Amino acid sequence: MEIRTLKYFLMVAREKNITKAAQLLHVAQPSLSRQIMQLEDELGTKLFHRGKYRVTLTDDGLLLQRRAQEIIALADKTAREFARQDENLSGVLSIGSGEFHSSRFFFEAAAAFREKNPLVTFDIYSGNSDNIKERLEKGLLDLGLLLEPVDVSKYEYLRLPVKEEWGALVNESTELAGKDALSPQDLAHLPLIFTHREMVRNELTNWFGPYAEQLDIIGSGNLHYNMAVMAQCGMGTVLTLNPCCQYDGLKFIPLTPKLESVTLLVWKKATAFSPVTSAFLDHFKKYVENFH
């Protein structure tokens with residue numbers, strides 16, 4: 001199975017038409033059809049339902065589409081890592097991060113690193129800790145910023161010296177908006193919107209103490225924006241980290257007793273790093289030490 005063939009397959013899957021895909025790939029239509037059939041023979045399955053004017057993916061085709069996208073992304077990343085320009089450090093650093101205040105600390109360090117290494121570029125993936133861990137495992141990311149609590153048994157890590165504050169995004173039209181801090185009693189019985197992550201949900205539930213049994217969780221999400229829209233529409237109050245931006249009609253109010261989390265910079269254990277990743281980690285460790 002060649003990378004080129006997978007790219008051909010993805011183009012046909014995208015265009016749903018072999019003739020159009022062949023035109024975009026600048027190959028002959030019979031040649032493209034033959035390579036798709038050879039791929040099907042190699043895998044022992046049909047990848048497309050073939051109609052008169054269009055083709056659509058079978059279930060196995062959908063599976064290969066996901067895998068092919070991951071394989072090509074990893075191949076492209078590997079090629080970038082081996083790219084060299086004279087003796088200067090160059091390449092791409094792939095990083096996953098959620099929406100954290102500590103991200104600013106990280107990118108301040110990244111800015112200082114790039115000032116010394118202007119040929120280095122950054123590829124940023126935004127997601128929650130579960131998404132980022134999945135991409136780290138597949139080799140699609142070099143480093144990830146993860147919010148504790150999180151299982152880091154497979155990773156080396158550094159704790160960032162910036163704490164994340166938990167609170168609630170409340171609609172300014174509600175009585176809660178007049179408070180300076182919110183207690184478990186304030187939030188019990190109200191419709192609440194939580195994070196998807198089970199470990200974080202457990203920590204939030206523990207914070208409610210004896211009021212945990214009275215929680216009314218009406219929704220969940222993985223990033224701020226859509227959960228904030230739910231609150232703007234009056235669906236509920238969002239239990240979340242202090243957001244990095246403001247949302248019209250919403251007010252962030254911290255929790256009392258205070259609840260804070262720490263962000264970790266993680267990387268896979270026993271990984272052979274590219275020169276760029278190794279150099280950046282050395283730089284970042286010193287940056288953290290100097291901050292203290």
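Reader: Which residues does Glu260 touch, not counting residues up to four places away in sequence?
Author: This is a predicted model, where local features need pLDDT of at least 70, side-chain atom pairs count only at pLDDT 80 or more, and totals for chains, interfaces and linings use all residues. Residues are numbered from 1 along each chain as its sequence is written, and side-chain values use heavy atoms, with hydrogens and water left out. A contact means heavy atoms within 4.5 Å. With those close in sequence set aside, Glu260 touches Lys163, Glu164, Trp166 and Glu203.

Reader: Is Glu260 buried, partly exposed or exposed?
Author: Buried means under 20% relative accessible area, exposed over 50%, and partly exposed in between, with a 1.4 Å probe and protein chains only. Glu260 has 34% relative accessibility, so Glu260 counts as partly exposed.

Reader: Which strand is Glu260 found in?
Author: Strands (E, at least two residues) and helices (H or I, at least four) are DSSP runs, numbered from the N terminus. The protein chain has 10 helices and 11 strands. Glu260 sits in residues 260–268, which is strand 11.

Reader: How far apart are the C-alpha atoms of Glu260 and Ala109?
Author: Along the chain, Glu260 and Ala109 are 151 residues apart.

Reader: What share of the residues of the protein chain counts as buried?
Author: Let's zoom out to the whole chain. The protein chain has 292 residues. Of these, the buried share is 43%.
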